[in-house]
Amino acid sequence: MKKIEAIIKPFKTDDVREALAESGIVGMTICEVKGFGRQKGHTELYRGAEYQIDFLPKVKVEIVVADEQVDAAIEAIIKAAKTGKIGDGKIFVYPIETAVRIRTGERGEEAL
């Protein structure tokens, strides 16, 4: 099993969710996060004063999938989240040792 974390632009959240659902992935966790990379921050004007926004709003999508679903999930995220502009995000893949469904006690891929 693998855990896939994708940091994406907030307005792409629904597109990514739908693309993953079409790939057969039905469960995910989504968090609103802030950060920056090459995109850096930007300057805004409020009541005549300039201020720097260092961290930009992003969304972190987390899913755990069977090994054979990893490539399809990554492709679905890329296809749905890509705008071609700086700040489209990143995808990280981690190994998962085990998963347990609390309600039933199922373990491994059965728990997904």
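How many nonpolar, polar and charged residues does the lining of the largest pocket have by class? The lining has six nonpolar, five polar and five charged residues, where Ala, Val, Leu, Ile, Met, Phe, Trp, Tyr, Cys and Pro count as nonpolar, Asp, Glu, Lys and Arg as charged, and the others, Gly among them, as polar. The model is predicted, with local features requiring pLDDT of at least 70 and side-chain atom pairs pLDDT 80 or more, while totals for chains, interfaces and linings use all residues. Residues are numbered from 1 along each chain as its sequence is written, and side-chain values use heavy atoms, without hydrogens and water.

The chain has two helices and six strands, taken as DSSP runs numbered from the N terminus (helices H or I, at least four residues; strands E, at least two). From the N terminus on, their order is β-α-β-β-β-β-α-β. The radius of gyration, taken over C-alpha atoms, is 17 Å, well over the 13 Å that the globule rule gives for 112 residues, so the chain is more spread out than a compact globule. The globule rule is 2.2 Å times the number of residues to the power 0.38. Along the principal axes, the C-alpha trace spans about 60 × 30 × 20 Å.

Four strands form an open sheet in the order 2-5-1-6, with antiparallel pairing; two strands pair if DSSP finds at least two bridges between them. Strand 2 and strand 6 are the edge strands, each pairing on one side only. From one strand to the next the twist averages 25°. Strand 1 (residues 2–8) and strand 6 run antiparallel and are joined by six bridges, with I4 opposite V93 in strand 6.

Axes are lines fitted to C-alpha atoms, for helices over the stretch in contact, and angles run from 0 to 180 degrees between N-to-C directions.

Pockets were located on a 1 Å grid over the protein atoms alone, as open sets of points where a 1.4 Å probe fits, with protein on both sides within 12 Å along at least five of seven lines; lining residues have an atom within 4 Å of a point. Grid points are joined across faces, edges and corners, and a volume is the space filled by probe spheres set on the points. The largest pocket holds about 330 Å³. Its lining comprises 16 residues, with F36, G37, R38, G89 and K90 nearest the centre. Strand 2 (29–35), strand 5 (56–65) and strand 6 (90–95) each give two or more residues to this lining, and strand 2 gives the largest share, three residues.

The second largest pocket holds about 280 Å³. Among the 13 residues lining the second largest pocket, I25, G27, M28, V64 and L112 are the closest to its centre. Strand 5 supplies the largest share of this second lining, four residues.
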